[in-house]
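Please read it with the structure open.

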Amino acid sequence: MIKLTKREVFKLNKNLKIDKVLNDVADVVVKDIKDGIVKYEEDINGTSFTPLSDYTKNFKKKKGYRFPDKPLYAKGKMKNVYVKRRAVGDGPAVIATNEAERPGIGRKHQEGDEVPQRQWFGISKRTKTPISNVAKHHIRKALMK
């Protein structure tokens, strides 16, 4: 446990910009969601995605998709996750996905509705250290002012 002096607490209250912390955390989460699909091929719990059925693989091959064996990756649109709204003041940062082409497909995979469940959207266990580092950086910065 870290003990802060009254002066340090005052500095934190005055200088720590929560909206900046939230925006940096949102950036970490967005990058992790993309990496979960493309790089790690695992869900937010650290579990490998359920492999695609032979039917789905063949369908994706016939369509000419670049990675027909990769779950959640056909045209690469599922990984188009972004910070829809940056945090301002004490308001939240909002993370969203572009579902314009196939509305609901992300939700179906997240919930396992008519397809194997692949919880790809959310805050994963992989982000624990990066988020902690973001918070520490902002706290140090606030205490140095």
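## The second largest pocket

In this predicted model, the second largest pocket holds about 170 Å³ of space. Its lining is formed by Ile2, Leu4, Leu12, Lys136, Ile139, Arg140 and Leu143. Helix α5 supplies the largest share of that lining, with four residues.

Sorted by class, the lining of the second largest pocket comprises five nonpolar and two charged residues, with no polar residue. Lys136 and Arg140 are the charged members of this lining, while Ile2, Leu4, Leu12, Ile139 and Leu143 are nonpolar.

## Packing of α1 against α5

Helix α1 spans residues 6-15, and its axis comes within 8 Å of the axis of α5. The two axes cross at roughly 110 degrees. Angles of 65 to 115 degrees count as roughly perpendicular, and α1 and α5 are therefore described as roughly perpendicular to each other.

On the α1 side, the contact involves Glu8, Lys11, Leu12 and Asn15. These residues meet Ile139, Ala142, Leu143 and Met144 in α5. By class, the contact of α1 with α5 contains five nonpolar residues, one polar residue and two charged residues. Leu12, Ile139 and Leu143, which take part in this contact, also line the second largest pocket.

## Packing of α2 against α5

Helix α2 covers residues 18-40 and helix α5 covers residues 128-144. The two helices pack at an angle of about 155 degrees, and their axes lie 10 Å apart. Because an angle over 145 degrees counts as roughly antiparallel, α2 is roughly antiparallel to α5. The crossing of this pair is right-handed.

From α2, the residues in contact are Lys20, Val21, Asp24, Val25, Val28 and Val29. Their partners in α5 are Pro130, Ile131, Val134 and His138. The contact of α2 with α5 divides into seven nonpolar residues, one polar residue and two charged residues.

How values were computed. Residues are numbered from 1 along each chain as its sequence is written. This is a predicted model: local features need pLDDT of at least 70, side-chain atom pairs count only at pLDDT 80 or more; totals for chains, interfaces and linings use all residues. Side-chain values use heavy atoms; hydrogens and water are left out. Axes are lines fitted to C-alpha atoms, for helices over the stretch in contact, and angles run from 0 to 180 degrees between N-to-C directions. Angles under 35 degrees count as roughly parallel, over 145 as roughly antiparallel, 65 to 115 as roughly perpendicular and the rest as oblique. A crossing is left-handed if the near helix is turned anticlockwise from the far one by less than a right angle, and right-handed if clockwise. Contact means heavy atoms within 4.5 Å. On a 1 Å grid over the protein atoms alone, a cavity is a set of points where a 1.4 Å probe fits but cannot get out, and a pocket is an open set with protein on both sides within 12 Å along at least five of seven lines; lining residues have an atom within 4 Å of a point. Grid points are joined across faces, edges and corners, and a volume is the space filled by probe spheres set on the points.
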